[in-house]
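Please look over the model shown below before reading on.

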Amino acid sequence: MSTVEHTAVRGGALAGAVPAMRRFRDQSPHWFLLLGMMLAALVMMDFTTWLVLTLSGAAMGAMLFLMASGMTLTFGLMNVLNLAHGAFISLGAYAGATVLLFWMNDQASASSVWLNLASVIPALLFAVLVASLIGWVFEKLVIKPVYGDHLKQILVTVGGSIILMQLIEVVWGSNEIPVPRPEAFSGAVVVAGIALEKYRLLSVVLGLLVYALMTWIIERTRVGILIRAGVEDREMVEVQGYRVHLLFLGVFIAGSALAGLGGAMWAMYEELITAHMGDELMISVVVVIILGGLGSIKGCFFGAILVGLINLYVGFLEPRLAAVATVGLMVAVLMWRPQGLIPVIRV
Amino acid sequence: MTMDANLKPALRLTGVHANIDQYHILEGVDLVVPKGELTVLLGRNGAGKSTTLRTIMGLTTVKAGQIRFGEQDITGWATPRIARCGIAFVPEHMGVFGQLTVRENLVLAAVSGVMDEGRLAWLLDLFPPLKKFWDRPAGNLSGGQKQMLAIGRAVIEPRELLLIDEPTKGLAPAIINDLADALEQLKAEKVTILLVEQNFAFSRRLGQSVAVMNDGRVVHTGSMADLANDEALQHRLLGLGLGEHQ
């Protein structure tokens, strides 16, 4: 502290701020990048626009986080590249939409918040259920035979993904399906003269809840300790007497469930679903997990928010660059930190 | 060549063969580990000592032969199952989880889910640095402290057999001494220990029985006292004038 003050006296406020800034950049690269991006955007637009875009970006990021967190865990724990993860996103979207469209049609169009929740919650739960069940079968049939071989994993999971998406078309048809967003979550709330979309607020809240829950499980519970230990050294976890494969199966199912949850949320956000929506989202998902540092939940969360924000900011400032911006962000971060924002250290 | 007839073997390997990739590492290992004793497994680099421990633990597949633990035939069992029947393994690289705190490392090692307070107190008394660095990531510990954690992890719950691979490797003499004291204590508790070691002074101080390996086979078994007193035998088995280095 005294050094900082000393420098500040000699060289003015800026001279003290630079090393402090540098320390902040190196110690919390995720916060540094997030705040930096938000500030840069704020300079380039008026406050109201900025706030609306930030909320939308955060909402998109929160949904991306749901979709990406499962994949990053699967990779981190078992070194498995599951490129069929996108199919689980689609699956969740269709499962959620099915509940919304057919079973709960009356509640979904009703305007009472509680009746709406009574349709949204079962829709999300059903998405989670379907995705986890298929995830369980998928792990047994497709993933288990190809442990330890990335090339085979890529080939086999891409194949599995095609099959899953074709199965979706068999069950639900190949046309796009419009998904009704429940009345109570459509429209906006007006805060200080700024209209904030309700559904986006809901997404952010849900994303934060899932992030908090996952962080709690990973940091505080015994299962979390096991997962962290497994990421580091699988063999030693077995030596302690734990069956790593069961742990991995659990994580894989949870990851599929989260993909399903994210997919269902995305379905209500876009209000239109196709069997291939998961494939389109996979590009962002892969960017998010690489950007965040493969295997890191925290990195995944920040990566997702960053991707969401840059999409919206750049989409507003220069729409033609929006698609480039996401990949550009990844390239820039990797040049700065080749292991991603928050790397998981392996021994 | 005979073991003390009064002692039932804790572990018995009969004609065990094992490969690592295409290399035939164990070529018919016959080994008896007497119950309640500390047995040292000696031999040159590449003799197959570490592979023997890994094979007992189920980490290397048994191609032929049999491994009996007490009354059970554990040949071909999966590692977690072997661990749960009371065998703990401290590998050469110690296998401490560096991202986890000392506490978390021990929490995981207590497979039953709860750490016995009395036993934990005893353990922290045995290895005081573990108490000092209780909530720090194990990756920040020194080599000797990591070794203490690795052994501590193995004995956080009562085990029937400890397999310890070269605990003194790379450690300063003062720390080796501390480790020897700790192992003496475990010996006094009548824990069966199979110790792979290159440091003969350390082995001689701790070992009761000894087995010497060469080229994937056990070529000598007997009491440590006999080997320690017979320099010619040491020369022949280990190829070193070990007596001169004491």
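In α3(A), the residues A:L55, A:S56, A:A58, A:A59, A:A62, A:M63, A:F65, A:L66 and A:S69 meet A:R200, A:S203, A:V204, A:L206, A:G207, A:V210, A:Y211 and A:M214 of α8(A), where a contact means that the C-beta atoms of two residues, placed from the backbone, lie within 7 Å. Helices are DSSP runs of H or I of at least four residues, strands are runs of E of at least two, and both are numbered from the N terminus. The residues of this helix contact divide into 12 nonpolar, 4 polar and 1 charged, with Ala, Val, Leu, Ile, Met, Phe, Trp, Tyr, Cys and Pro counted as nonpolar, Asp, Glu, Lys and Arg as charged, and the others, Gly among them, as polar.

This is a predicted model, in which local features need pLDDT of at least 70 and side-chain atom pairs count only at pLDDT 80 or more, while totals for chains, interfaces and linings use all residues. Residues are numbered from 1 along each chain as its sequence is written, and chains are lettered from A and ligands numbered from 1 in the order in which they are written.

The axes of α3(A) and α8(A), the latter spanning residues 198-220, come within 8 Å and cross at roughly 40°; axes are lines fitted to C-alpha atoms, for helices over the stretch in contact, and angles run from 0 to 180 degrees between N-to-C directions. That makes α3(A) oblique to α8(A), given that angles under 35 degrees count as roughly parallel, over 145 as roughly antiparallel, 65 to 115 as roughly perpendicular and the rest as oblique.

The loop between α3 (47-78) and α4 (85-103) of chain A holds A:A84. With 29 other C-beta atoms within 10 Å, A:A84 is buried, a class that requires 20 or more such atoms, whereas 12 or fewer make a residue exposed and counts in between make it partly exposed, the C-beta atoms being placed from the backbone. Apart from neighbours within four places in sequence, A:A84 is in contact with A:F138, A:T157, A:G160, A:S161 and A:L164.

In chain B, 5 of the 6 residues of strand β9 (residues 209-214) are buried, so this strand is largely enclosed by the rest of the structure. Strand β3 (residues 38-43) of chain B pairs with β9(B) in the parallel sense over 5 bridges, pairing being assigned if DSSP finds at least two bridges between two strands. β9(B) is also joined by 6 bridges to the antiparallel strand β10 (residues 217-223) of chain B. B:V210 in β9(B) is the bridge partner of B:V40, and B:G222 in β10(B) is the bridge partner of B:V210. A hairpin with 2 residues between its strands is formed by β9(B) and β10(B), and B:D215 in the turn has a positive phi of about 50°.

Chain B also has an open sheet of 4 strands in the order β2-β1-β4-β5, with antiparallel pairing. Its edge strands, each pairing on one side only, are β2 (23-34) and β5 (72-73) of chain B. Helix α1 (residues 49-56) of chain B has 7 of its 8 residues buried, so it is largely enclosed by the rest of the structure.

Finally, the contact between the chains takes 17 residues from chain B and 17 residues from chain A. On the side of chain B that touches chain A, α2 (79-84) and α3 (102-109) of chain B are the elements that give two or more residues.
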